[in-house]
Amino acid sequence: MRVKCVICDQIESIEDESVEAKRLRNRPIHTYMCKECSNRISEKTKARIETGNFRFYRARSDEEDW
Ligand SMILES: [Zn+2]
């Protein structure tokens, strides 16, 4: 099946029987991200965690301490 990356609009074709294809068919809301974009995003997320800018998680754990 053909899928379009939600970030860079690149059209890719994936195996009809792949997990990704099944997920997209079951949940039309689920958006596809090509490998390049998902790599880029996970790297960004990792970098953000390393620099400690993930306030959301910090606030959460602070609340739990109370
Ligand atoms: Zn992409």
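The following conversation concerns a predicted model of a protein.

Visitor: In what order do the elements of the protein run from the N terminus?
Guide: The order is β-β-α-α-α, that is, three helices and two strands. Helices (H or I, at least four residues) and strands (E, at least two) are DSSP runs, numbered from the N terminus.

Visitor: Where is Ser13, and which residues does it touch?
Guide: Ser13 belongs to strand β2, residues 11–13. Leaving aside residues up to four places away in sequence, Ser13 touches Met1 and Arg2; contact means that the C-beta atoms of two residues, placed from the backbone, lie within 7 Å. Its C-alpha is also 5.9 Å from that of Val3, ten residues away in sequence.

Visitor: Why does Ser13 count as exposed?
Guide: Ser13 counts as exposed because it has 9 C-beta neighbours inside 10 Å.

Visitor: Moving on, where is Glu15, and how far is it from Met1?
Guide: Glu15 sits in the loop between β2 and α1 (19–26). Its C-alpha lies 6.4 Å from that of Met1, and the two residues are 14 apart along the chain. Glu15 is exposed, with 10 other C-beta atoms within 10 Å.

Visitor: What is the phi of Asp9?
Guide: The phi of Asp9 is near 60°, a positive value in a residue other than glycine. Most residues other than glycine have a negative phi. Asp9 is in the loop between β1 (2–4) and β2, and it is exposed because it has 8 C-beta neighbours inside 10 Å.

Visitor: And helix α2, what span does it reach?
Guide: Helix α2, residues 35–50, reaches 22 Å from its first C-alpha to its last, close to the 22 Å expected for 16 residues. The expected span is 1.5 Å times one less than the number of residues.

Visitor: Is α2 buried or in the open?
Guide: The number of buried residues among its 16 is zero, so α2 lies largely in the open. Just after α2, Gly52 has a positive phi of about 75°.

Conventions: Residues numbered from 1 in each chain as written. Predicted model: local features only at pLDDT ≥ 70, side-chain atom pairs only at ≥ 80, totals over all residues. Buried ≥ 20, exposed ≤ 12 C-beta atoms within 10 Å, placed from the backbone.
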